[in-house]
Amino acid sequence: MKIKKKKSLGFFFFICFCPYLIVSLQKRKIMTLRNKILFALFAVFLSATQAHGYDIDKLCKPIDEAILQSPQYVDAYEQKITKARHDYERETDLKRKYEKGFRLYQLYRPFVADSAMFFLQQCMVLAEQTGHRSEAVRCRSLLGLRCSNIGMYDEALLILDSIQTAGVDDETLGVYYEAYNNVYSELAYYTHIEEMRKGYQRKARQYEELMFRYLPPDAESRFLRLEQRAQGEGNFKESMRINDEWLQTVEPGSHPYALVALYRYIEFKEQRDTVQMMHWLVESVLADIRNSVMDQGSMWELANELMLNGDFERASRYIIFTSECANRYGSRQRNWQISPLLSDIAKGYKNKSEHTTRQLRWLLGVISILALLLLAALFYVRSRNRQLRAARNALSSKNRELSELNLQLSEANKQQLLLNDQLKSLNDELARSNSQLSESNRVKEEYIGRFLRLCSMYIDQMDSLRKRVNKLTKNRQFDELYKITRPQEFKERELEELYVNFDSAFLHLFPNFVSDFNALLRPEERIEQPDEGRLNTAIRIFALIRLGIEDSGKIAEFLHYSVNTIYNYRARVKNGAIRDRENFERYVKEIGMPR
């Protein structure tokens, strides 16, 4: 990922050598107004070509693809849960029922918090019925841990304080102390009262030492706390060693792998190794999406990084995705984390818009200055032409002087031709701009006319309906009134008529749009018109983009589809593009423009 801003070689050449060239030309007395104008244009051109920004498209491409496939991942995971629940409900042996119930808890733990806690409670009952006290205490401790993870701190402490640990095994004690450590760590992190924070941190450290005493060496919680402790002490060499050891215990691409990759991202972030940092953050995000994890910390981190780098559009899309996952999971804590980021993204959008406005004003000022310089150059040329004509009339009697004058005129004509070429180029550009404005006016007039006709027609229809309803109401014909207002076909008919008018107007303005649009697609991906003079949904979406409506929300509102459906249509059509898909919509917006 490129994070350093680099200036082009041309810019450094201009900065270093331009002063020398100007001084040299002035010494030789050839620094004319035309040359000054050319130097000014050259400077503006070079300053406008400087590249700023962050290239992260390659890193985020697999994430975008995974988000598109997320419904398939979730469906597969739900099928796995459905099978496990079926096995659980059919089981009659209490011991095996406990094992299958605990398996359901493990499946629901990253997916739906309430369901995970429900099956933990079921496992507590089954363990008590079978006399397995350690398992019962373990499930109750895990229930307290789950409560603290979703922000239910009072409930977590009540559950943990009610546990009697006499006679339980060491691993269960490790889980019990881990749950206490987690709830006090969370309270210390979120409290705003310094005295209470110190008390919570002291208790968290006490339970952490007890947890290390009883948990097995390869436990995930042990690796996690050891790495957090080393990071807190600033010993990043030790924390990286722990992460390397932890990484060897997990399967690549699994749910535990996502957590290890997230902490590996933190390690490289502290080392300011941006390439490795983003690589491991993307690895964590992909593992979460592909494993249907709804409690996603890594996606939230990625959205924050993108926002800091100025990519507000992608950051907003990612934070909306992870917010939907958090709502499905049922975590208040994750929503607390996401809400400030949404506010920051909104502020970023506003700042970016203001910055763009300032740049446009600056460019407008530069263009105005250049126009004034060009006007001055025109007056200068006209004045020179008058002087040359006077000199030619005065020296017409002298052949040798006439020859010298002709040479001067020839040189002046060359300069005039050069200026005329520049003026011709500018006139051509103005002609193209006028043509585009004419086309915009034509589109506006066509749609305003049709809009007014539709409004008039709808007013007549509503007045006719009003009169009919009044008549039926007056005659107390309520059954008839119910019949004419009940059918759903009324809305569908009106929508169909709206789409017919839209298709007719669009094809009237751009009669070759469908063929030109298909020319941008591979032969096997081209879209056929359903009927002459009609557009299907895919073409209609890109017809709206051609008219300048690019926001998927507005397109979805017009076509009565969901925003995700519009996203899927756009992505599927762009995947069939002949040229690069990133600029596909720009090519669509150029259809029908004068060349």
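1. At what angle do helix α11 and helix α12 pack, and how far apart are their axes? In this predicted model, α11 (residues 220-232) packs on α12 (residues 236-247) at about 165°, and the axes are 8 Å apart. Angles over 145 degrees count as roughly antiparallel, and α11 and α12 are therefore roughly antiparallel to each other. The crossing of α11 past α12 is left-handed.

2. On the α11 side, the contact is made by Glu220, Phe223, Leu224, Leu226, Glu227, Ala230 and Gln231. On the α12 side, Phe236, Glu238, Ser239, Ile242, Asn243, Glu245 and Trp246 take part. By class, the residues of this contact between α11 and α12 comprise seven nonpolar, three polar and four charged.

3. The count of aromatic pairs comes to 28. One of them joins Tyr176 and Tyr180, with 5.3 Å from centre to centre and 85° between the planes. This pair is edge-to-face. Both tyrosines belong to helix α9 (residues 170-190), where Tyr176 and Tyr180 are separated by about one helical turn because they are four residues apart.

4. On confidence, the average pLDDT of the chain is 81, and 79% of the residues score at least 70.

Note on methods: Residues are numbered from 1 along each chain as its sequence is written. This is a predicted model: local features need pLDDT of at least 70, side-chain atom pairs count only at pLDDT 80 or more; totals for chains, interfaces and linings use all residues. Side-chain values use heavy atoms; hydrogens and water are left out. Axes are lines fitted to C-alpha atoms, for helices over the stretch in contact, and angles run from 0 to 180 degrees between N-to-C directions. Helices (H or I, at least four residues) and strands (E, at least two) are DSSP runs, numbered from the N terminus. Angles under 35 degrees count as roughly parallel, over 145 as roughly antiparallel, 65 to 115 as roughly perpendicular and the rest as oblique. A crossing is left-handed if the near helix is turned anticlockwise from the far one by less than a right angle, and right-handed if clockwise. Contact means heavy atoms within 4.5 Å. Ala, Val, Leu, Ile, Met, Phe, Trp, Tyr, Cys and Pro count as nonpolar, Asp, Glu, Lys and Arg as charged, and the others, Gly among them, as polar. pLDDT is the predictor's confidence in each residue, from 0 to 100. Rings of Phe, Tyr and Trp (its six-membered ring) pair if their centres lie within 6.5 Å; planes under 30 degrees apart count as stacked, over 60 as edge-to-face and the rest as tilted.
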